[in-house]
Structures are given as structure tokens and as C-alpha cells.
Amino acid sequence: MRSLLSPLHRLVWRDARRRAYNLLRFAEVEADGGRDLVRAAEFTRDPLLRRLFLIHAADEQLHADLFRGRGLALLRTLPAGAQSAFRADWLAPGERGLDDLRVDDAPDDALLAFLHLSEKAAAKDFADYIEVLGADPPTRDVFEKVLHDEAFHMKYTHVQLLRVSPEGHRKLLWRARLGRFWKAYLRLAGALAGAIGTIILTLQYFVLIPLFALIAQHAARREPPGWAPVAPERNGALRRQY
């Protein structure tokens, strides 16, 4: 699977402008994940998890700074121009963090299961991106630094999940997998709906609108020039609406 996706990753990361905007988008996701983790630390009653969540949140903010700094540095090296329309977020997803999971309502074990799978997926994706960024050593170095932290996050979430829920951790992981799959499906469906909508609107613009314009021109040629006389029964005093 990694060999099959490698050409797609090269396509996504080959364009420098798209690479910069992807890094800026990653920075937003990392910063948002850090805020969620701080909130999770406020709600948990486990002192060890509170400390680990705060450490994790600090790492996420550091990753956001790294991604944002490198993205802005890339943009400064590029000539002024419009952003590429082909973003392909689903081909280069990056880290999803808590992925809009409500930390206020989720128990500790569900949070840990979701975080573990998110960090595991992010670590795999970042390792793939490192392989295709040989032509951009500074960006590759950023991903290598982030990947080192992702390995720690992946390990501690699994260890703490086993501690918090030694008997139900497998069920929680499967439930988290289904939740991630459903949200991935929604993202893919949204991207597909946007593409279909663009195609339909383009066809309407170049096919239907010219057709209606021709019909309107044909009807206009049949209209007599000048003013048309009004029938006497309709030419009364304007004392009512009709």
C-alpha cells in the first residue's frame, strides 16, 4: 500500500506552493489538537493523565510552530500568485488530533484510544512524507522532528489505555477505528460532492445558459419594435393594484 501511495504523495508534495499551504494547514490542526488536550487535562481526574496530556499539548504547540514557520518560509521564497486549486487534503491528511471529538463528554479511555490511533496514523503518514521530500531537506527535517514526538505519543497513549482499561481496551480501539473510518468517509464524500458540484455548475454555465440565451434572443426577434398599444379595458385609472 505504501508503494502504491508513494506516487500520489510525490504529486502532492512536489509543488512548492501546495507544500507550503499543506504545512500551514498542519499547523492549524496541531494547534487545535493542543487546545483540545489542554481541555482534556482540565476534565480528567487522573493526575498522571493530566500531566501527560499537558506534555502532549506542549508538543502539539511546538509542532504547530514548526509547521507554520516552515510554511511561511516556503511562501516567502515563491513568487506572488494564486493558491493552487488542487489541495488534495485527503491524499495528505496529516494528523487529525481529536478530530472534533468532544473532550467534555468523552471518558479517559475513549480519549486515549482515539489519540493512540490518531498518533499511529500520523506517524505512518509523516514517515511516508519524509521519503518523498528528499528535494526539500528543511521540510523533511521538520517532519523528522515531529515524527520523533509522534512515536512517544503513540506509545504513552497505548500504555495508559492498558492501565485505565485493561479489559476493554480492544473494544475501545475498534470503536475508535470505526469512528475514524466514518469521519474519513464524510471527508471523502464532502470532497467528492464538491467536485461533482463544480462539474455540474460548469456544465450549466457552458451548456444551459447559452441555450436559454439563444431562446431569449429568438423570442426578442419576434417582438414588434417600439411601444405596444394597451387594450382599452386595461387602460383604466390606477386606483387598484390589478
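## Salt bridges

By the rule used here (a side-chain nitrogen of Lys or Arg within 4 Å of a carboxyl oxygen of Asp or Glu), the count comes to 7 salt bridges. One of them joins the side chains of Arg 19 and Asp 136, at 2.8 Å from N to O. Arg 19 sits in helix H2 and Asp 136 in the loop between helix H4 (108–132) and H5, so this pair ties together distant parts of the chain, 117 residues apart.

A word on what you're looking at: this is a predicted model, where local features need pLDDT of at least 70, side-chain atom pairs count only at pLDDT 80 or more, and totals for chains, interfaces and linings use all residues. Residues are numbered from 1 along each chain as its sequence is written, and side-chain values use heavy atoms, with hydrogens and water left out.

## Helix H2 and its cap

Helices here are DSSP runs (H or I, at least four residues), numbered from the N terminus.

Asp 15 caps the N-terminal end of H2, with a side-chain oxygen 3.2 Å from the backbone nitrogen of Arg 17.

## H2 against H3

Two packed helices are described by the angle between their axes and the distance between the axes. Axes are lines fitted to C-alpha atoms over the stretch in contact, and angles run from 0 to 180 degrees between N-to-C directions. For H2 and H3, the axes come within 7 Å and cross at roughly 160°. That makes H2 roughly antiparallel to H3 (the label for angles over 145 degrees).

H2 passes H3 in a left-handed crossing, meaning that the near helix is turned anticlockwise from the far one by less than a right angle. Their contact has 20 nonpolar, 5 polar and 6 charged residues. Nonpolar here is Ala, Val, Leu, Ile, Met, Phe, Trp, Tyr, Cys and Pro; charged is Asp, Glu, Lys and Arg; the others, Gly among them, are polar.

## H5 and its two partners

H3 (residues 47–76) packs on H5 (residues 137–164) at about 165°, with axes 11 Å apart. The two are therefore roughly antiparallel, and their crossing is left-handed. Their contact residues divide into 15 nonpolar, 5 polar and 7 charged.

H4 also packs with H5, at an angle of about 155° and with axes 8 Å apart. H4 and H5 are therefore roughly antiparallel, and they cross left-handed. Here the contact residues are 15 nonpolar, 5 polar and 6 charged.

Notes:
Angles under 35 degrees count as roughly parallel, over 145 as roughly antiparallel, 65 to 115 as roughly perpendicular and the rest as oblique. A polar contact is a pair of N or O atoms within 3.5 Å; within protein, one must be able to donate a hydrogen and the other to accept it, and residues adjacent in sequence count only if both atoms are side-chain atoms.
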